[in-house]
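Work through the exercises below on cavities and nonpolar cores. Try each task before reading its solution.

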Amino acid sequence: MLDLGTNIAAPFAAMMLGDMGADVIKIERPPNGDDTRALPPYWGDEATVFLAVNRNKRSVLLDIRTPDGRATLLQLVESADVVIESFPPGLADKLKLRFEDLRERNSQLVLCSVSAFGDGPLGAKMPGYDALVQAVSGLMSFTGQPDTPPVRLAPSVLDLSTGMWALIGIQAALVRRSAGGGAEHVRPALLDTAFTLMCHQVLGYRATGDLPQKLGSGAPSASPYRVFGASDGYFMLATASDAQFVRLCTILNLPALTGDPRFATMNGRLTHRDEVDTLLGDEFRRRPISAWLQILSDAGLSVGRVNDIREALALPVVAERDLFVSPEQMHWPGGLPLLRLPIDRDGTGPGRPPPKLGEHTVEVLREAGMDYATLDRLNRQ
């Protein structure tokens, strides 16, 4: 398969296919390749964003905007099962690399075009990034603390989730093709992903007309369900039923809370969320986190420390889950351990480290039957 994507969403989809055993050829434009190769932070001279979503690929340096580069790409398309791209608006039309153009060269091709806003007027004029789509979709409007400016979700949730939808769409198209279908064009968009991630907020608004509100770490449908401060830090407490609330109040020796009709039901606690949180917050500040984790977990309540990444990676469950693949497994001496996909750990997995820019250009083009004169001309462009 050919990966013509850049940034995160499309390359992530291609990487997952590579982890599952596909031969992924990453086409990169000279002189600098994928945009993420230049994004800090760095490990040595390698950008960690690039390393995170580009293993199990071979890199070919090829300027598809030139006639020779485009012709070479089309020759590679002829033997590809899948092509993934995330061209800026209008580029596929300009280069004549639309679905119709590629299908002429390969009648069984699955093309996956990843975009921010799809093919309509907005998508045609505005290249999109994760944070922009978080803003436009409404996702930012209820993220953060009350009475503060909108906040983006820090991880690239729309990019990564759209990469997953792209993978699912590609796999479905390949299954249909194996059952007698032909070429297909899969077109996931970050905007669609945003609304899917907000599915219950969207339906809640359509049902009631009420917009979701900023709740900080709180939940819209349960209380108490948020981060609380202990005497030495923060922990998350999640209670999702009336029975759990009664158990919590019993443990804390706060019978007045369970006897108060305002707090007797979940709806009542949601209506009086601030009062519940204040009363519990005063109690929780009396002891350290370790004490509350012991007391509350012993009672069968869901509770956990708010960790930073260093603390989270040190948890025994990380080793238990075997989340990292060693550099040795990828034949990458001195390399970084990389996160495996959160699926079958005994699957194909990472077998090839992220490629250097253009590392496999000659190898791949020779496999495609390019002669030395063509290789030399392409390398000099």
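**Exercise 1.** How many cavities of 30 Å³ or more does the structure hold?

*Solution.* The model is predicted. It holds 1 cavity of 30 Å³ or more. The space in the largest cavity is about 40 Å³.

**Exercise 2.** Find which residues line the largest cavity, then sort the lining by class.

*Solution.* Step one: list the lining. It consists of Leu4, Leu73, Val77, Val83, Glu85, Phe87, Leu97, Leu102 and Leu111. Step two: assign elements. At least two lining residues come from α3 (67-77), and at least two from β6. Step three: sort by class. The lining has 8 nonpolar residues, no polar ones and 1 charged residue.

**Exercise 3.** Describe the largest nonpolar core: which residues have the most contacts inside it, and which elements supply it?

*Solution.* Step one: take the size. This core has 32 residues. Step two: pick out the residues with the most contacts inside it. They are Met1, Ile84, Cys112, Val114, Val133 and Ile170. Step three: trace the elements. Two or more residues each come from α1 (9-19), β6 (82-85), β7 (110-113), α8 (157-178) and α9 (190-197). The most come from α1, which gives 8 residues.

**Exercise 4.** Which residues does Val133 touch, leaving out those up to four places away in sequence?

*Solution.* Val133 touches Ala116, Phe117, Leu158, Leu190, Leu191 and Ala194. Now look beyond this core. Another core lies apart from it, with 26 residues, including Val60, Ala80, Leu102 and Met370.

Terms used:
Residues numbered from 1 in each chain as written. Predicted model: local features only at pLDDT ≥ 70, side-chain atom pairs only at ≥ 80, totals over all residues. Heavy atoms only, no water. Core = buried A, V, L, I, M, F, W, Y, C linked by side-chain atoms within 4.5 Å. Buried < 20%, exposed > 50% of the residue type's maximum accessible area, 1.4 Å probe, protein only. Helix = DSSP H or I, 4+ residues; strand = E, 2+ residues; numbered from the N terminus. Contact = heavy atoms within 4.5 Å. 1 Å grid on protein atoms, 1.4 Å probe; cavity = no way out; pocket = protein on both sides within 12 Å on 5 of 7 lines; lining within 4 Å. Points joined across faces, edges and corners; volume = space filled by probe spheres on them. Nonpolar A, V, L, I, M, F, W, Y, C, P; charged D, E, K, R; others polar.
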